[in-house]
Amino acid sequence: MHTHDILTIAAAIVPERAALVHDGVTLTYAGLADRANRLANAFAAHGVGPGDRVAVMDVNTPVHFEAYFAAARLDAVYVPLNFRGHGEEVGYPLRHASPTVIVAGERYAPLIAGLGADAASASVLAVDGAPPDGWCSYEALLSEGDVDEMRFPEGSPDETAVLLYTAGTTGQPKAVMLSHDSFTSFMLANMEPPDPDVEERTLLTLPLYHIAGLQAALAGAFGGRTVVLQRQFEPREWMALVQEHRIERALIVPTMLKQLLDHPEFPAHDLSSLRVLTYGGASMPPPVIERAVAAMPGVQFINAFGQTETGSTIAMVPPEDHVLEGPPDVVEKRRRHLRSIGRPLPDVEVRIVDEEGHELAAGEHGEIAARGPRLMRGYWGQPEATAQTVHGGWLYTGDLGYMDEDGYIYLAGRAKDFIKRGGEMVAPEEVEHLLHACPGVEECAVIGVPDETWGERVMAVVVPTPGAAPSEDALLDACHTLARFKRPEHVVFVSELPRNALGKVLKNDLRARFGAV
């Protein structure tokens, strides 16, 4: 199924339903389809055709939806850029993707214009706001599009629809090629199409340059949902939007959930409309999710695990595992499942493999590998990097872990984050889970730092709870239940952990900061 069909079907079944709500303005599905078609006509008039790239740099606005579906109608490729980027963080993707069209929010156009040659490939520079020199108004561009001529894609659903740039924590970022099938196969296997009698309102706050945000956007259109857009996450506004629009479904990352729970106005907001809250994108500290389950009893929580290369979610902890009620043995098993990333979804195969690619038995540690129709086609222009990640039909995620006898997968960390101490391998997440349960630990990250004797030694970086900071000795004592080689030898206290835009702890930054301690 082509992603173009997502909007076509929704506009046919629920044309007058609100598709997008943003800054007090509502756009129906019929209106969204009309604007996307006119924009496609305008793009085509400026030379955009199959395989050409259409880049968008902006916070969450309807422009992303319109540009995505316009590109899809032309068999072009949508390239969302990280609006938090600066300099080479934006310049490299522009040179690498070489887009024919760049659409930017008013705030970001001067940054792109200042990059000069990096954006030279673009024949169209459009801005959603007041245009600087050399740029045209986005609305003026859209008004150029023929109202009556209908555009339909001619390409195959397995052709590239999107380029998503990875975080690039080491070296240059890689552009992940995702096909139309990467998105629609997930939806066809796990969702229902629009129902004229069922209207659901969802809040989209994750950035649309991220796989989770884009997947949520397209899933909202696939289900004919009303998508309320939050430009960027801010906890008080998030709660106000849920209350005002009676939001039923939302997707967040662990740091966002913690900010909501910690916000002084959390008890004052009416969040009773929420039925489903999906979280993912980073490791969830067990105390945070258990606290959320207790504070939001009417909500079904889902832990979704995936990465850009897998086309988003490949494993899930279902709502029933978040219900911490019943006999003690049932509650204990569910608590254990909450520390996992869940079981594989039905439309994808997942297994744990050793270094030779052989499948491992339950309980044995190895790399998580996945196979299925919605995995990436490869890295744009980087065949060697593709061959290192995809071989034998399997995508090797770089995440290490094991699968239990119930089919639940437990992360042990990224391969590059594993600590090698005296020939023994230490999984940071095992130590982090123990420390998160200690009184006075707000957050923590466990890293390996160089050591002449052992190669690496284990260090814990801890953010203490305000007013209840634990001592280093107390935390080291708490780790005595671990094997000796896994125990931290040193604890450092910091005011906050460095994170990327989606809340993942930047352990490279911590290793660079504390490697000589």
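**Close-up views of a predicted model**

**View 1. Helices α10 and α11 in contact.** Leu257, Lys258, Leu261 and Asp262 of α10 touch Val288, Ile289, Arg291, Ala292 and Ala295 of α11. Sorted by type, the residues of this α10-α11 contact are six nonpolar, no polar and three charged. Helix α10 spans residues 254-262 and helix α11 spans residues 286-295; their axes come within 10 Å and cross at roughly 50 degrees. The crossing of α10 past α11 is left-handed.

**View 2. Helices α7 and α8 in contact.** The axes of helix α7 (residues 180-190) and helix α8 (residues 211-222) come within 10 Å, and they cross at roughly 55 degrees. The crossing of α7 past α8 is right-handed. On the α7 side, the contact is made by Phe183, Phe186, Met187 and Leu188. On the α8 side, Ile211, Leu214, Gln215, Leu218, Ala219 and Phe222 take part. The residues of the contact between α7 and α8 are nine nonpolar, one polar and no charged.

**View 3. A three-stranded sheet, β25-β26-β27.** The three strands form an open sheet in the order β25-β26-β27, and the pairing is mixed. Strands β25 (441-451) and β27 (490-493) are at the edges; each has a single partner strand, so one side of each has no neighbour in the sheet. On average, neighbouring strands of this sheet are turned by 30 degrees against each other, with direction ignored. Strand β26 covers residues 455-464 and pairs with β25 in the antiparallel sense over 10 bridges. Within this part of the sheet, Asp451 stands opposite Gly455 of β26.

**View 4. Helix α14 and its residue Leu435.** Helix α14 (residues 428-436) lies across β25 and β26 and runs at about 145 degrees to β25. Leu435 is part of helix α14. Is Leu435 buried or exposed? Its relative accessibility is 0%, and buried means under 20%, so Leu435 counts as buried. Leaving out residues up to four places away in sequence, Leu435 touches Val441, Cys444, Val446, Ala460, Leu475 and Cys479. Leu435 and Pro285 are 150 residues apart in sequence, and their C-alpha atoms are 9.9 Å apart in space.

**View 5. Strand β9 and its two partner strands.** Strand β9 (residues 175-179) is mostly covered, with five of its five residues buried. Ala175, Met177 and Ser179 are on one side of β9, Val176 and Leu178 are on the other, and all are buried, so both faces are covered. Strand β8 (residues 160-165) is joined to β9 by five bridges, and the two run antiparallel. In this pairing, Leu163 stands opposite Met177 of β9. Strand β19 (residues 378-379) is joined to β9 by two bridges, and these strands also run antiparallel. Gly378 in β19 is the bridge partner of Met177.

**View 6. Thr166 in the loop between β8 and β9.** Thr166 is found in the loop between β8 and β9. Which residues does Thr166 contact, leaving aside its neighbours within four places in sequence? Thr166 is in contact with Pro173, Lys174, Val176 and Glu309. The relative accessibility of Thr166 is 18%, under the 20% cut-off for buried, so Thr166 counts as buried.

**View 7. A nine-stranded sheet.** The nine strands of this open sheet have the order β2-β1-β11-β10-β12-β13-β14-β15-β16, and the pairing is mixed. The edge strands are β2 (25-28) and β16 (343-344), and each of them pairs on one side only. Strand β14 (residues 300-307) pairs with strand β15 (residues 312-317) in the antiparallel sense over five bridges. Gln307 stands opposite Ser312 in β15.

Conventions:
Residues are numbered from 1 along each chain as its sequence is written. This is a predicted model: local features need pLDDT of at least 70, side-chain atom pairs count only at pLDDT 80 or more; totals for chains, interfaces and linings use all residues. Side-chain values use heavy atoms; hydrogens and water are left out. Axes are lines fitted to C-alpha atoms, for helices over the stretch in contact, and angles run from 0 to 180 degrees between N-to-C directions. Helices (H or I, at least four residues) and strands (E, at least two) are DSSP runs, numbered from the N terminus. A crossing is left-handed if the near helix is turned anticlockwise from the far one by less than a right angle, and right-handed if clockwise. Contact means heavy atoms within 4.5 Å. Ala, Val, Leu, Ile, Met, Phe, Trp, Tyr, Cys and Pro count as nonpolar, Asp, Glu, Lys and Arg as charged, and the others, Gly among them, as polar. Two strands pair if DSSP finds at least two bridges between them. Buried means under 20% relative accessible area, exposed over 50%, partly exposed in between (1.4 Å probe, protein chains only).
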